Every structure is written in structure tokens, then in C-alpha cells.
Amino acid sequence: RAEAYHNLGDALFKEGRVDEAVQYYRQALEINPAFVEAHDGLGLVLTSQGKFPEAVKHLRRSVELMPGRAEAYLHLGTALARTGDLEEAIVHLQRAIEIQPDFPEAHHRLGMVMAAKGQLDKAVDQFRLALRTKPEFAEAHESLGRALAELGKRDEAIGHYQEALRIMRSRSEARSGR
């Protein structure tokens, strides 16, 4: 029964109906307080709403309940970064990568945190690692372009911006059926 509430919460979140999603994730957790995916889903929704303290609480619980799940560390690291706690965010993002070394989203997010700290060389390294695993990762190309531009490597930056745009156009055409 908790799974049904969780699944409905996921579906509503994907449709952008976040307030309704919150209600169903909470109902899933009332039935099963140790439901990892419901804590994770609720944490993601709350992060999207800017409700970081409560989001972090649920994402921490998700990590506690299933410490071997790389995605949970990514989500917690992302929420912590949004609160401005970059140091703790780095710890959790690095843990996600330890668990799953070829995790492009975790490398990208860690790169974003490094860039926010002004550590552009480290950010570039993380963006490149993300792209090694997922070459069609438009957001990583864009982030890499931004970091390279800040480092004065404008020609290389332009190439990554162009690649990001090519990928985004391709996605858009695929969605529209062209």
C-alpha cells in the first residue's frame, strides 16, 4: 500500500504537481516510515520547492536507511549545495562517486560545487569525467564551457557551448517528432 502512494507521488512530481506529490509521499511514509524511496522522493520535491531544511532531513534519512545507494548521496549533496553548505555537499557527492564511479550526474554536480567554490580546475576535471561516461550530457557541456571560459580557454569553451546546443536541439526535435 505504501508503494502505491509513493508511485502516485512520483507520477505527480514528474507532471509538475509538486504539492500533490508531497501529500502522497507523506502518506507513504505514514504507512512505512522506513520507506527509502519515499524519503528520497519527498526530499527531491521539497528541494524543488526550496524547503531545504526539511528536504535535507528526509534525504539524510534515505542515506541512513540505504547507505550503499549512490543516488541518495547525490540528492543529499545537491540539497546541501542549495543550502550553501558546500563542504558537506562535497563529502556526499564524493561518496556517491565512490559507490558508483561512472555516475555522470554526481560528477557534474560535484563540478558545479567546485565551480561555486572558485576551484575551476577541479570543476573542469569533474565535468570531463561526467562527459566521459555520458557524452550527450548537454548540461555538463554547458557547465564545462562556462568553467573553461572563466579560465580564459575561450576556443575550447565555444566548442562545448556548441555541443550543448546541438544536443538540446536534437532532444527538442526528437520530442516534436522531426
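At 33% relative accessibility, Arg95 counts as partly exposed, the classes being buried under 20% relative accessible area, exposed over 50% and partly exposed in between, computed with a 1.4 Å probe on protein chains only. The structure is a predicted model, in which local features need pLDDT of at least 70 and side-chain atom pairs count only at pLDDT 80 or more, while totals for chains, interfaces and linings use all residues. Residues are numbered from 1 along each chain as its sequence is written, and side-chain values use heavy atoms, with hydrogens and water left out.

The side chains of Arg95 and Glu98 meet in a salt bridge with an N to O distance of 3.2 Å, where a salt bridge is a side-chain nitrogen of Lys or Arg within 4 Å of a carboxyl oxygen of Asp or Glu. Glu98 is exposed, its relative accessible area being 55%. The charged end of Arg95 also sits over the ring of Tyr73, 5.8 Å from the ring centre, and the charged end of Lys134 sits over the ring of Phe137, 4.6 Å from that centre. A charge is taken to sit over a ring if NZ of Lys or CZ of Arg is within 6 Å of the ring centre and within 35 degrees of the ring normal.

**Salt bridges around Arg69**

By the rule for salt bridges, the count comes to 14. Three of the residues involved, Asp40, Arg69 and Glu71, are linked in a network of salt bridges. Asp40 belongs to helix H3 (residues 36–48) and is buried, with a relative accessible area of 5%. Its partner Arg69 is reached by a salt bridge in which the closest N and O atoms are 3.4 Å apart. Because Asp40 lies in helix H3 and Arg69 in the loop between helix H4 (52–65) and helix H5 (70–83), this pair ties together parts that are 29 residues apart in sequence. Arg69 is itself buried, at 17% relative accessible area, whereas Glu71 is partly exposed, at 40%.

| Pair | N to O distance |
|---|---|
| Asp40 and Arg69 | 3.4 Å |
| Glu71 and Arg69 | 3.3 Å |
| Arg95 and Glu98 | 3.2 Å |

Leaving aside neighbours within four places in sequence, Asp40 is in contact with Leu59, Ser62, Arg69, Ala72 and His75, contact meaning heavy atoms within 4.5 Å.

**The aromatic pair**

A pair of aromatic rings is described by the distance of the centres and the angle of the planes. Rings of Phe, Tyr and Trp (its six-membered ring) pair if their centres lie within 6.5 Å, and planes under 30 degrees apart count as stacked, over 60 as edge-to-face and the rest as tilted. By this rule the count comes to one aromatic pair. Tyr5 and Tyr24 form this stacked pair, with 6.1 Å from centre to centre and 25° between the planes. The C-alpha atoms of Glu20 and Gly9, eleven residues apart along the chain, are separated by 7.2 Å.

Ala123 is found in helix H8 (residues 120–133) and is buried, with a relative accessible area of 0%. With neighbours within four places in sequence left aside, Ala123 is in contact with Gly111, Met114 and Ala115.

Helix H9 (residues 138–150) has 13 residues and reaches 19 Å from its first C-alpha to its last, close to the 18 Å expected at 1.5 Å a residue, the expected span being 1.5 Å times one less than the number of residues. The buried residues of H9 include His141, Leu144 and Leu148, and the buried residues of this helix pack against helix H7 (104–116), H8 and helix H10 (154–176). Just after H9, Gly152 takes a positive phi of about 85°.

Methods. Helices (H or I, at least four residues) and strands (E, at least two) are DSSP runs, numbered from the N terminus.
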